[in-house]
Structures are given as structure tokens and as C-alpha cells.
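Keep the sequence and the 3D view open side by side while you read.

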Amino acid sequence: MVPPATNLIISNVPGPAQRRYFFGAEVQECYPLSLLIPGQTINITMFGYDDHLHFGLVSCPSNLPHVEMIPEHLEEALASLELDVMDTAMSALNDELFNPLADDHSQNLAYEAEMLLAELKQFKVSPFPRQHRRVIRENEPAKE
């Protein structure tokens with residue numbers, strides 16, 4: 001048997017930028033649910049909806065027994081990314097502001113950092129809410 005090419009799938013599904021309604025009720029949040037193929041350990045899907053990012057995590061419990069820890073790490077990583085982008089943008093903008101004779105590369109870097117920061121700020125990251133977090137084990141009976 002050929003082993004799987006990867007044990008991790010990450011996907012980004014762009015969704016509608018405007019609110020949607022289901023039988024007249026406004027959809028507040030929309031979380032993706034993906035599948036694992038044999039040999040995969042985890043599938044992480046990000047879904048954009050109404051300027052929010054929602055994450056769905058599906059994992060194999062025998063290969064990744066503590067998947068419930070991933071949302072906290074995801075929140076930390078996103079916060080760290082935002083700080084890094086902010087630091088880079090501020091550094092590039094400061095270089096641009098205090099060096100009127102900056103070369104084209106510095107000017108391009110300042111512009112790109114400013115655009116990236118503006119794009120990042122338009123999203124409000126919505127990690128999987130604690131009240132919705134649920135780990136279901138293979139042998140666990142379904143709760144109704």
C-alpha cells in the first residue's frame with residue numbers, strides 16, 4: 001500500500017462578504033466541515049463570511065488525540081502574525097517618513113506593508129467559539 005502524500009490538508013474557502021439569510025433568519029456564523037481521507041491526520045479549513053474568518057478542524061483521534069488544543073494555538077499564531085505585520089509596516093513607514101531619499105525598494109516595501117496591514121485589519125478573526133468546541137471520539141456514542 002502506498003502511504004498518503006500528506007497527513008495535513010489546509011484550505012481556504014472564500015465565502016460571501018455580505019450577510020445571508022436562511023428561511024428569513026440571519027446567518028450569524030458559518031463554520032466549515034471537511035472530511036479526512038485515509039492516512040490523513042487533520043484537515044483545517046478556513047471559511048470567510050461577512051468579513052469574518054471561521055475555522056473548522058477535523059482530525060483523526062488516534063493520530064492527534066488532543067485536537068482541542070489547536071484552536072488556542074491558532075489564536076496565538078494569528079495574534080503573533082498580526083503583531084509581526086504591524087511591526088513590519090511601522091518599520092517600513094518610519095523608514096519612508098524619515099528618509100525622503102529612500103530608494104525604490106524601501107518605498108515599495110513601505111507601500112506593500114501598508115496595504116497588507118490594511119487588508120489584515122479588514123478581517124475580524126473568529127476562532128471556533130468555546131461553546132461550539134466539541135471533540136467526538138470514534139467510540140463515543142452520539143449525544144442527542
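1. Aromatics. Start with the rings: searching the whole structure turns up one aromatic pair. The partners are Phe22 and Phe23, and they count as edge-to-face because their planes sit at 80 degrees, with 4.8 Å between the ring centres. Phe22 is exposed at 57% relative accessibility, and Phe23 is exposed too, at 80%. Bear in mind throughout that this is a predicted model.

2. The Arg19–Asp50 pair ties together parts that are 31 residues apart in sequence, because Arg19 lies in the loop between E1 and strand E2 (21-22) while Asp50 lies in the loop between E4 and E5. Taken together, Arg19, Glu26 and Asp50 form a linked network of salt bridges.

3. How covered is that network? Arg19 is partly exposed at 28% relative accessibility, and Glu26 is partly exposed at 36%. Asp50 has a relative accessible area of 16%, which falls under the 20% cut-off, so Asp50 counts as buried.

4. Gln28. Leaving out residues up to four places away in sequence, Gln28 touches Arg19 and Tyr49. The C-alpha atoms of Gln28 and Tyr49 are 9.2 Å apart, and the two residues are separated by 21 residues along the chain.

5. The core. Which residues make up the largest nonpolar core? There are five of them: Ile42, Ile44, Leu53, Phe55 and Val67. E4 and strand E5 (52-59) are the elements that give two or more residues to this core.

6. Leu8. Strand E1 (residues 8-13) is where you'll find Leu8. Setting aside residues up to four places away in sequence, Leu8 touches Ile42 and Ile44, both of which belong to the largest nonpolar core. Leu8 itself comes out as partly exposed, at 37% relative accessibility.

7. Asn43. Asn43 sits in strand E4 (residues 42-49), and with 5% relative accessibility Asn43 is buried. What does the side chain of Asn43 make a polar contact with? One partner is the side chain of Thr45, at 2.9 Å. A polar atom of the Asn43 side chain also lies 3.3 Å from the backbone oxygen of Leu35. Beyond neighbours within four places in sequence, Asn43 is in contact with Ile9, Ser34, Leu35, Leu36, Gly56, Leu57 and Val58.

8. Cysteines. Finally, how many disulfides are there? The count is zero. As for Cys30, a relative accessible area of 29% makes this residue partly exposed, whereas Cys60 is buried at 16%.

Technical notes: Residues numbered from 1 in each chain as written. Predicted model: local features only at pLDDT ≥ 70, side-chain atom pairs only at ≥ 80, totals over all residues. Heavy atoms only, no water. Helix = DSSP H or I, 4+ residues; strand = E, 2+ residues; numbered from the N terminus. Buried < 20%, exposed > 50% of the residue type's maximum accessible area, 1.4 Å probe, protein only. Polar contact = N/O pair within 3.5 Å; in protein donor to acceptor, adjacent residues only side chain to side chain. Contact = heavy atoms within 4.5 Å. Phe/Tyr/Trp six-rings, centres within 6.5 Å; stacked < 30°, edge-to-face > 60°. Disulfide = S-S within 2.5 Å. Core = buried A, V, L, I, M, F, W, Y, C linked by side-chain atoms within 4.5 Å. Salt bridge = Lys/Arg side-chain N within 4 Å of Asp/Glu carboxyl O.
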